[in-house]
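Welcome! Take a moment to look over the picture, and then we will read it together, one feature at a time.

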Amino acid sequence: MKLEGFGIFVSDMAAMIRFYRDVLSFEIKEAEDTKNVYLEKDGTLFLMFGRADLEAMTGRRLAYAPEISGHFEIALGVENYAAVDKTYADILAGGGRSVMPPATQPWGQRTCYIADPEGNLVEIGSFVK
């Protein structure tokens, strides 16, 4: 098996499209009223699929974590430490919610965490000073 990509299940597709397209600069071309987003970001397939649509397809009611979710993260790399700080500030200015401000970790990575509109964790980091 080979990892082709990952997906997140969303309640408010329009808000999530705006955040990933307008704040994180993902190249999403679908309209905000779409049911599914399939795109490639830096060679990785990224999907957003409506929660209600998934439940209808599977015939099952599924549970979703409320608020900020610690189930997984989307990790995005930037060129250096200064870019971590700038990207963090830009994302907050665009409506992202801070989970952890930029900090240099003992293993040499400068990293921060924000939450998207539905509470999924997004990490921004770099190992380059």
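Q: How many bridges join strand 5 to strand 6?

A: First, a word on the ground rules: this is a predicted model, in which local features need pLDDT of at least 70, side-chain atom pairs count only at pLDDT 80 or more, and totals for chains, interfaces and linings use all residues. Residues are numbered from 1 along each chain as its sequence is written, and side-chain values use heavy atoms, with hydrogens and water left out. Helices (H or I, at least four residues) and strands (E, at least two) are DSSP runs, numbered from the N terminus, and two strands pair if DSSP finds at least two bridges between them. Here, strand 5 and strand 6 run antiparallel and are joined by five bridges. Threonine 104, for instance, has arginine 110 of strand 6 as its bridge partner. The hairpin of these two strands has five residues between them, and glycine 108 there takes a positive phi near 95°.

Q: In which sense does strand 7 pair with strand 6, and in which with strand 4?

A: Strand 6 (residues 110-115) pairs with strand 7 in the antiparallel sense over six bridges. Two of the facing pairs are alanine 115 opposite leucine 121 and arginine 110 opposite serine 126. Their hairpin has four residues between the strands, with glycine 119 at a positive phi near 90°. Strand 4 (residues 69-77) pairs with strand 7 in the parallel sense, also over six bridges, and there alanine 75 stands opposite glutamate 123.

Q: Is strand 7 mostly covered or mostly open?

A: Buried means under 20% relative accessible area, exposed over 50%, and partly exposed in between (1.4 Å probe, protein chains only). In strand 7 (residues 120-126), seven of the seven residues are buried. One side holds Asn120, Val122, Ile124 and Ser126, while the other holds Leu121, Glu123 and Gly125.

Q: How many residues of strand 6 are buried?

A: Six of its six residues are, so strand 6 is largely enclosed by the rest of the structure. Arg110, Cys112 and Ile114 are on one side, with Thr111, Tyr113 and Ala115 on the other.

Q: Which residues of helix 3 are buried?

A: They are Tyr81, Ala83, Val84, Tyr88 and Ile91. Contact means heavy atoms within 4.5 Å, and the buried residues of helix 3 pack against helix 1 (13-23), strand 5 (97-104), strand 6 and strand 7.

Q: Which residues touch the most other members of the largest nonpolar core?

A: The general idea is that in soluble globular proteins, nonpolar side chains tend to be buried together. A nonpolar core is a set of buried Ala, Val, Leu, Ile, Met, Phe, Trp, Tyr and Cys residues joined through side-chain atoms within 4.5 Å. The largest one here has 26 residues, and Tyr20, Leu24, Phe26, Ile28, Phe46, Met48 and Val122 touch the most other members. Helix 1 gives the most to this core, with six residues. Leaving aside neighbours within four places in sequence, phenylalanine 26 is in contact with Tyr20, Arg21, Leu39, Lys41, Phe46 and Leu76.

Q: How many of the residues of helix 1 are buried?

A: Eight of its 11 residues are buried, so helix 1 is largely enclosed by the rest of the structure. Among them are Met13, Phe19 and Val23.

Q: Is glutamate 55 buried or exposed?

A: Glutamate 55 is found in helix 2 (residues 51-58), and it counts as buried because its relative accessibility is 14%. The side chain of glutamate 55 reaches the backbone nitrogen of leucine 62 at 3.1 Å.

Notes. Polar contact = N/O pair within 3.5 Å; in protein donor to acceptor, adjacent residues only side chain to side chain.
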